[in-house]
Amino acid sequence: MAETALINNVEPPARPAGWRGIAADWSSDQRAFKNVSWGKAMMWIFLLSDTFIFSCFLLSYMTTRMTTTVPWPNPGEVFALTIGDKKIPLILIAIMTFILISSSGTMAMAVNFGYRRDRVKTAALMLATAAFGATFVGMQAFEWTKLIREGVRPWGNPWGAEQFGSSFFMITGFHGTHVTIGVIFLIAIARKVWRGDFDVERRGFFTSRKGHYEIVEITGLYWHFVDLVWVFIFALFYLW
């Protein structure tokens, strides 16, 4: 009894001061992420790191554009398409933006039907989202081909500041890679949903507990992030 009393009367170690104390609190708190799945938490961490990368790219682009002494090409002229005899500025970019934003709607509905365990509608909406994404990538490939034929290169372009080409290919290429990966991931998960892998708990990659469609929501987090990043690219690169 005396030993028990002594053990219970031992004072806890002092809490470190400053940021170390905050880190110690979070690392010792078993309830902080208790209701968040491992997959969802890891996706949020990945998206946070990706946010830093895209932010660096866009900040570098804005710094380059504001500091260059050579006139910057006019996006309305560079990204114009000739339809009939009329030159329409940014028409292709506007369609691409509409398609990508529409894909967020189909992805949100897929997540909704996923939690209702409606595997047919979930898979169909995910495939529709993948189709929107593939269309976006195809239109971006057309845009790249058009500008390359007109003389745009990472080291120069015929309309002004040489940094335009490197900024364009770096930012849109990095984003297009994300969209392509998302399309592949959407098709793979939609196939598993369609086969009923999440209803019978079939073994394999990304298969969660029986009856749980959480991977659909995790895929949706990635896809909404890709769409949100495009809004910033559209505003800063094409409209500025």
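Trainee: OK, the expected span of a helix is 1.5 Å times one less than its number of residues. How many residues does α9 have, and how far does it reach?

Mentor: α9 has 25 residues and reaches 36 Å from its first C-alpha to its last, close to the 36 Å expected. Helices here are DSSP runs of H or I with at least four residues, strands are runs of E with at least two, and both are numbered from the N terminus. Keep in mind that this is a predicted model, where local features need pLDDT of at least 70 and side-chain atom pairs count only at pLDDT 80 or more, while totals for chains, interfaces and linings use all residues. Residues are numbered from 1 along each chain as its sequence is written, and side-chain values use heavy atoms, leaving out hydrogens and water.

Trainee: And how much of α9 is buried?

Mentor: 18 of its 25 residues are buried, so α9 is largely enclosed by the rest of the structure. Buried means under 20% relative accessible area, exposed over 50%, and partly exposed in between, using a 1.4 Å probe and protein chains only.

Trainee: What does Met126 touch?

Mentor: Leaving out residues up to four places away in sequence, its partners include Met107, Leu186, Val193 and Val216. Contact means heavy atoms within 4.5 Å.

Trainee: Switching to Thr129: buried or exposed?

Mentor: Buried, with a relative accessible area of 0%. Thr129 is in helix α6, and beyond its neighbours within four places it contacts Ser103, Thr106, Met107, Leu186 and Trp223.

Trainee: Now rings. How many aromatic pairs are there?

Mentor: The count is 22. Rings of Phe, Tyr and Trp (its six-membered ring) pair if their centres lie within 6.5 Å; planes under 30 degrees apart are stacked, over 60 edge-to-face, and the rest tilted. Phe79 and Phe164 make a tilted pair, 6.1 Å centre to centre with 45 degrees between the planes. Phe79 is in the loop between α4 (75–78) and β1 (81–83) and Phe164 is in α7 (residues 163–195), so the pair ties together parts 85 residues apart in sequence.

Trainee: Which ring does the charged end of Arg65 sit over?

Mentor: The ring of Trp240, 4.7 Å from its centre. The rule wants NZ of Lys or CZ of Arg within 6 Å of the ring centre and within 35 degrees of the ring normal.
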